[in-house]
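Dear colleague,

Please find below the structure that I am handing over to you. My findings follow directly after it.

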Amino acid sequence: MLNFDFYNPTRIVFGAGRIADLDKLVPADARVLILFGGESARKTGTLAEVRTALDGRKMFEFGGIEPNPSYETLMRAVAQVKQEQIDFLLAVGGGSVIDGTKFVAAAALFEGEASEILFKFGRNISRAMPFGTVLTLPATGSEMNDGGVVTLKAQGAKLPFLNQALFPVFSVLDPTKTYTLPQRQLANGVVDAFVHVMEQYLTYSVDGHVQDRFAEGLLLTLIEHGPNAISSTDYNARANLMWVATLALNGLIGAGVPQDWATHMIGHELTAKYDIDHARTLAAVLPAMLQVRREAKRSKLLQYAERIWNIREGSDDERIDAAIARTRSFFESLDVPTRLSAYELGTDAVTAILEQLKAHGMVAIGEHRDVTLEVSRQVLEASL
Ligand code: NZQ
Ligand code: ZN
């Protein structure tokens, strides 16, 4: 196992009706800015529930954080924070609103041009405002981690940032808040969480047996219960989906093991360029990524084939092929396409995405830093 520090200060408040706990979680004298997305938080009544729980505090609102939040929008929130002397932020939404709130938390206290935070991937953040979250979409894990992704619209760049100052103070996870989600977003959530686990599990073995077994437990839970969580509003199905998505990216399974993230970096470029949902980019890239990098990932692919898909027959290569095919058909069974051609993208897109990867310095990615532009080209061609 590799050396590691594991630190996660986010308090999770889980269960139906727990939004009422905001009264205890947010300081009584706080000037709170509630940040949310389009209309869903208002339409579903969650915003009103949050306001009731915070009653007695000075409350302000910032709505309109778009999916794949933009720097341009978020800087308007930063201006409001300064103008209203806000001292606590509360994100109400999915990954986009939470990531956007993280950026606002850092940018409001940043000296200099805030876009530098993105160009330095968050390494230059030294402090951030305190913030909490009310999660309405189980998918990204942003509610219990210290990362985010923000798009600079002017540059067409979707860039990740990471800093220990960006853990939420608390996150309220009420599974009933997922009842209003369209099936497409629920399916996206299952796929995103699945790929988060794969980026930390399907690399090479460092004898991290605990991490492997945790990761396999999360994958099996998604395979066994994900489809039901999408099609029914059963409380326990939604509760399990919410918790699995949080655990998939809160640092636990990635501590002490190598991490890949090449699928995500290519996926971010596809979203920035073609506005494809985050999880849908991953579903198209991951099977091709595993195919192209099968030599470097061989022993973990065989472990994955046996322990996740119960594939025990055939040669090593046949079992690997079968495991990749099962991954693809799992995503397809959720109505999430696994080919870029589903978005009418062809060879022009390969060239365009490679140019973007180059422009953003993504020229040596993956667990061995050997996913060069040439390897990314092979992956993109295999994903058409
Ligand atoms: O904008 P509103 O009207 O609120 O609608 C949203 C949005 O259109 C809607 N929605 C959210 N909760 C709802 C709801 N609709 C009905 N009922 C509810 N309860 O869902 C739509 C999508 O929301 P969004 O927040 O964009 O989705 P998601 O949670 O999948 O977040 C995606 C973003 O997170 C980033 C992605 O790159 C993308 O920008 N990621 C963040 C990560 C992190 N911080 O660790 C890791 C991930 O890999 C990912 O990159
Ligand atoms: Zn993701």
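The protein, which is a predicted model, exposes about 15400 Å², and carbon and sulfur atoms supply 50% of that area. On this surface lies a nonpolar patch formed by Met-1, Phe-4, Phe-6, Val-210, Phe-214 and Leu-252. Together these residues contribute about 570 Å² of accessible area. Met-1 is located in the segment that precedes strand 1 (11-14).

As to the overall architecture, the secondary structure consists of 15 helices and 8 strands. The radius of gyration is 20 Å, close to the 21 Å given by the globule rule for 384 residues, so the protein is as compact as a globular protein of that length. Along the principal axes, the C-alpha atoms occupy a box of roughly 65 × 45 × 45 Å. Of the 384 residues, 59% count as buried. Among contacts with a separation of 6 or more, 78% are between residues 24 or more positions apart.

Strand 2 (residues 31-36) deserves a separate paragraph. Because 5 of its 6 residues are buried, strand 2 is largely enclosed by the rest of the structure. Strand 2 runs parallel to strand 3 (residues 58-62), and 5 bridges join the two; within this pairing, Val-32 has Met-59 as its bridge partner. Strand 2 also pairs with strand 4 (residues 88-93), again in the parallel sense and over 5 bridges. Here Ile-34 stands opposite Leu-90 of strand 4.

Yours sincerely

Methods:
Residues numbered from 1 in each chain as written. Chains lettered and ligands numbered in written order. Predicted model: local features only at pLDDT ≥ 70, side-chain atom pairs only at ≥ 80, totals over all residues. Heavy atoms only, no water. Patch = residues over 30% accessible without salt bridge, like charges linked within 9 Å, V, L, I, M, F, W, Y side chains within 5 Å. Areas by Shrake-Rupley, 256 points an atom, 1.4 Å probe, with all protein chains shown as cover. Salt bridge = Lys/Arg side-chain N within 4 Å of Asp/Glu carboxyl O. Helix = DSSP H or I, 4+ residues; strand = E, 2+ residues; numbered from the N terminus. Rg over C-alpha atoms; globule rule 2.2 N^0.38 Å. Buried < 20%, exposed > 50% of the residue type's maximum accessible area, 1.4 Å probe, protein only. Contact = heavy atoms within 4.5 Å. Pairing = 2+ DSSP bridges.
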